Amino acid sequence: MMNSVRVRNIVIGEGKPKIVVPIIARTEIEIEEQIQRILQRKIDILEWRGDWFEGIFDCKRVEDILRKIRNYVGEIPILFTFRTAKEGGEKDISKEVYNEININIAKMELVDLIDVEGFAFENAEWLIKELKQQNLKVIISHHDFKKTLSKSEMIEKLCKMQEMGADLVKMAMLPKSTKDVLELLEATEEMNRLYAKQPVVTMSMTEKGLISRLAGEFFGSSLTFGAVGKISAPGQIDVGELDFILTTIHNQLK
């Protein structure tokens with residue numbers, strides 16, 4: 001049976017999929033401007049995409065930014081993500097630097113969740129264990145910007161990631177057809193019904209996969225990503241429209 005995960009006042013894995021909105025900015029000024037716009041909207045979790053920030057390798061600048069973000073958002077959970085170039089991010093870095101950045105972020109005790117890529121580097125289990133010692137939650141993720149795996153391959157990968165010790169399991173696939181979107185939705189449903197021990201997060205990217213970002217409560221995806229201005233992945237829609245649709249579906253499923 002899938003377990004829910006509580007992060008501050010948010011329970012992931014119960015009710016409507018929780019809405020995550022990313023900060024995608026290269027400078028401190030841009031980050032503050034985006035936060036101001038985002039906080040005027042209804043969101044559940046704020047994601048900082050650290051790979052976009054020009055000063056991400058400067059520990060002091062990173063800590064200063066995170067303190068400002070925490071002061072702005074209060075009790076809204078903060079997710080830190082460094083998306084590598086291998087999985088659609090902005091920077092190509094080594095395993096050692098990737099691990100160092102994430103561990104330093106965790107030790108600052110300013111974020112609530114960290115995204116760890118399950119297959120970008122070897123031994124993701126070690127990093128997940130190190131991060132969880134800092135009393136935060138970990139999302140293990142995998143993104144494929146070239147294709148959608150078969151249903152059985154997606155389920156196999158989700159199960160493998162689940163065994164790596166994270167609190168949530170996330171997968172994003174690029175569809176080339178409507179059938180690819182259906183494959184992802186079927187994999188999500190089957191994973192939740194038969195194998196899930198943690199909340200599962202799935203999405204089919206681009207406009208073709210939009211339905212996967214909207215129907216998570218029905219098929220079993222616990223988080224969805226919306227946009228306030230810039231998008232962090234193809235297919236994200238405005239957070240206001242997203243919340244309206246999620247609420248409408250939720251009310252019909254009661």
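Contact here means heavy atoms within 4.5 Å. The structure is a predicted model, in which local features need pLDDT of at least 70 and side-chain atom pairs count only at pLDDT 80 or more, while totals for chains, interfaces and linings use all residues. Residues are numbered from 1 along each chain as its sequence is written, and side-chain values use heavy atoms, with hydrogens and water left out.

Leaving aside neighbours within four places in sequence, W48 is in contact with I23, I31, F53, I56, V62, I65, L66, I69, L79, F80 and T81. A nonpolar core is a set of buried Ala, Val, Leu, Ile, Met, Phe, Trp, Tyr and Cys residues joined through side-chain atoms within 4.5 Å, where buried means under 20% relative accessible area (exposed is over 50%, partly exposed in between; 1.4 Å probe, protein chains only). The largest such core has 64 residues, and W48 and I69 touch the most other members. Helix 3 supplies the largest share of this core, 6 residues. Another core, of 17 residues, lies apart from it and includes A172, V201, L223 and F225. In soluble globular proteins, nonpolar side chains tend to be buried together.

The sheet comes next. Helices (H or I, at least four residues) and strands (E, at least two) are DSSP runs, numbered from the N terminus, and two strands pair if DSSP finds at least two bridges between them. Eight strands form an open sheet of order 9-8-7-6-5-4-3-10, with parallel pairing. Strand 9 (200-204) and strand 10 (223-225) stand at the edges with a single partner strand each, so one side of each is left without a neighbour in the sheet. On average, neighbouring strands are turned by 25° against each other, direction ignored.

Within this sheet, strand 5 (residues 78-81) has I78 and F80 pointing one way and L79 and T81 the other, and all are buried. Strand 5 runs parallel to strand 4 (residues 45-49), the two being joined by 4 bridges, and F80 is the bridge partner of W48. From strand 4 the chain passes through helix 2 (residues 59-73) to strand 5 in a right-handed β-α-β crossover; right-handed means that, with the strands pointing away from the viewer, the path from the first strand over the helix to the second runs clockwise. Strand 5 is also joined by 3 bridges to strand 6 (residues 113-117), again in parallel, with L79 standing opposite L113. Together with helix 3 (residues 95-108), strands 5 and 6 make a right-handed β-α-β unit.

Helix 3 itself buries Y98, N99, I101, N102, I103, I105, A106 and M108. These buried residues pack against helix 2, strand 5, strand 6 and helix 4 (124-132). The helix is followed by E109, whose phi is positive, near 60°.

Further along the sheet, strand 7 (residues 137-144) and strand 8 (residues 168-173) run parallel and are joined by 6 bridges, with M173 as the bridge partner of D144. Helix 6 packs on the sheet, touching strand 8 and strand 9, and its direction makes about 170° with that of strand 9 (axes are lines fitted to C-alpha atoms, for helices over the stretch in contact, and angles run from 0 to 180 degrees between N-to-C directions). E190 is found in this helix (residues 178-195) and is buried, with a relative accessible area of 18%. Not counting residues up to four places away in sequence, E190 touches K151, I155 and Y195.
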